[in-house]
Amino acid sequence: MRPAGRGDTDSLYFTYPHFDAPADRDALSNPAPIAIVGAGPIGMTAALGLAREGVRSVMFGAKPTFNEGSRAICIARSSLYIFERIGAVAPFLEKALGWTTGRSFYRGSQILEFEMPDSAQEKYRPMYNLQQQYIEQFLWDAVKRNPLIETRWQSTVEAAEDTPGGVRLKVQDPHGSYTIDAAYVLAADGARSQIRKMRGLRLKGENYEGRYVIADVQMPHDYPTIRRALFDPDCRRGATILIHKQPDNIWRIDYQLADGEDEAHAMNEGTVRASVTAVLTEIGYDGEWELEWWSIYSANTLALDDYRDGRIFFIGDSAHIVPIFGVRGLNNGLADAHNIAWKLAWVMQGKAGEALLDSYTPERRGATLDVFANATKSARFMTPPTRGWQVMRDAALNLALSHPFAGHLANPRQMTPYTYADSPIVVEDDASFSGGAPAGAILPDALIGDAHLSDHLGDAFSLIVFDQALAKAIDLPDVAVIVLDTGSKAAKILSAGPSSAYLVRPDLHIAARWFEATPEAIKSGLTHAIAGVERHDPK
Amino acid sequence: MTPSDLERVYGALAEHIDAVGPAKSELFLSKLALLTAREIGDARRVLTLLDEARLNIDAAD
């Protein structure tokens, strides 16, 4: 919501574009290889991921512009790699605020300061803050210059029927309605997904009690980009408050509502202003501020049993809703899009077996369940569900005033990328390694001279080896071979021996690794990673 | 004790407090304190811990 007198997209700092529905009606029903329903950050990332693999898509956005509020604001390191792979990372690095530190306070006293893992070996910071409409703007800038993506705004998908070779969508826009056939559909239509509803599917899981108001204010507040959590503050006894800095002097203030607090009253502009004033007083800010936007959310852990329904794949919030404490809603959705994009492209191009698509749910739903486990722990601290958790939470906070160890119980579990250990297309990890990153994990980065390991990766699969002879023995299509020095920092980070090898997928997850690799093992590892299609050198 | 060990104990305490209910949780925690004291096996150390637990107790008002 926005203050009285201002429209939905009447922002203090962001100029919303206006997109018309397609004016040229001639080719609207031409079949599309892929239809993407939803033109938010997840849909656009999927479209760019497909385009990167040379696959054309048609994307439908229901609204005439971007998301009207700032909503998701934390972008995790792993998502920066996704933006890099799809050719969109530059503006993010220019605009977003990177951060590594969090501070927690109890009754005005700091009880915890934590640092997220970071080092000179890392290309990106662990987290960046950026308003969602900028995220959409930067992705859109890449989408609109890509000839393989056709975006149709103000276009609502009203039906999705299976056909022998795909899915037939019925689309409605201000000029009329039409049908379009697609071989596959990606449902990126958000938490209230209409596609999900049309297919008779339901999210399952738990709703938590805690409700939070999120308010963005603009103010010249002098504080570094450090996430602050206030437990049981004077201004809202019993509540938890989160404060994040965003670009353009925008500050995100999340405050928890009390159990009996009326939602409609809490959302009144006057109530929001009074609540924000109290929070600002608590943190010692007494300068000018302007209210930009506010909304409300509750903490849920809900997911589909299967992210695939025939030729429809659910990506992002349409497949799962997670509490925001761990900043995984957006980041998880981006990883969904990145995961399905290369798989769909490779299957459609005959470069991988059909079964590759069956790895999408175990990998990405597995990631969601991992998020649930962590988020449940965070939620128990932020909004204790029962008296027992409340008693222990209060004891930990009170003890933390004199004993810092107890403050670590207040450490939020931030996003760590999920390891696809149980995936049907990941080779069981080689137990001969005594460290490094296991099969299924995201490839760690490392400095190599002035560049990073990730800068050396190929467009498709990459094979990292430490032996020239092994490198010469490998000649597989779509596999870039990178030879590193055994004494390098990267070798150390990967715990690699002289004959070790890491096979890295297009989405930067490790498909397999061998402490003592052979060309035969590598070849069969690649076959496994692309679901059984033997790849031969086209020469 | 690692942070995750501490977290496990924290969670188990929360669940036990819920299981015994509000009327009995003080009894439960006091029994636990005596058991823990006996495990520590050092009365002076336990008495110091009691004083430490008293610190800032009014901050929760």
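Helix H8 (residues 329-348) and helix H9 (residues 360-382) of chain A pack with their axes 10 Å apart, at an angle of about 170°. At this angle H8(A) is roughly antiparallel to H9(A), since angles over 145 degrees are classed in that way. The structure is a predicted model. On the H8(A) side, the residues that meet H9(A) are A:Asn332, A:Ala335, A:Asp336, A:Asn339, A:Ile340 and A:Lys343. Their counterparts in H9(A) are A:Tyr360, A:Glu363, A:Arg364, A:Ala367, A:Thr368 and A:Val371. By class, this contact comprises 5 nonpolar, 3 polar and 4 charged residues.

A further helix pair spans the two chains. Helix H10 (residues 387-400) of chain A packs on helix H1 (residues 3-20) of chain B at an angle of about 135°, and the two axes are 7 Å apart. H10(A) and H1(B) are therefore oblique to each other, and H10(A) passes H1(B) in a right-handed crossing. The contact of H10(A) with H1(B) divides into 8 nonpolar, 1 polar and 3 charged residues. From H10(A), the residues involved are A:Arg387, A:Gly388, A:Trp389, A:Val391, A:Met392 and A:Ala396. These meet B:Tyr10, B:Leu13, B:Ala14, B:Glu15, B:Ile17 and B:Asp18 in H1(B).

For the contact between the chains as a whole, chain A supplies 14 residues and chain B supplies 17 residues. The side of chain A that touches chain B consists of 6 nonpolar, 5 polar and 3 charged residues.

Among the strands of chain A, E14 (residues 240-246) is mostly covered, with 6 of its 7 residues buried. E14(A) pairs in the antiparallel sense with strand E13 (residues 227-231) of chain A over 4 bridges. Within this pairing, A:Phe231 stands opposite A:Thr240 in E14(A). E14(A) is also joined to strand E15 (residues 250-256) of chain A, by 6 bridges, and these two strands likewise run antiparallel. Here A:Lys245 is placed opposite A:Trp251 in E15(A). The hairpin of E14(A) and E15(A) has 3 residues between the strands, and A:Asp248 in this hairpin takes a positive phi near 65°.

An open sheet of 4 strands is formed in chain A in the order E23-E22-E24-E25, with mixed pairing. Strand E23 (479-483) and strand E25 (510-514) stand at the edges; each has a single partner strand, so one side of each is left without a neighbour in the sheet. On average, neighbouring strands of this sheet are turned by 15° against each other, direction ignored. Strand E22 (residues 461-465) and strand E24 (residues 501-504) run antiparallel and are joined by 4 bridges. In this pair, A:Ile464 has A:Tyr502 in E24(A) as its bridge partner.

A:Thr100 is partly exposed, because 16 other C-beta atoms lie within 10 Å, a count between the limits of 12 or fewer for exposed and 20 or more for buried. Not counting residues up to four places away in sequence, A:Thr100 touches A:Glu115, A:Met116, A:Asp118, A:Arg125 and A:Pro126.

Notes:
Residues numbered from 1 in each chain as written. Chains lettered and ligands numbered in written order. Predicted model: local features only at pLDDT ≥ 70, side-chain atom pairs only at ≥ 80, totals over all residues. Contact = placed C-beta atoms within 7 Å. Nonpolar A, V, L, I, M, F, W, Y, C, P; charged D, E, K, R; others polar. Pairing = 2+ DSSP bridges. Axes fitted to C-alpha atoms, helices over the stretch in contact; angles between N-to-C directions. Parallel < 35°, antiparallel > 145°, perpendicular 65-115°, else oblique. Left-handed = near helix turned anticlockwise from the far one by under 90°.
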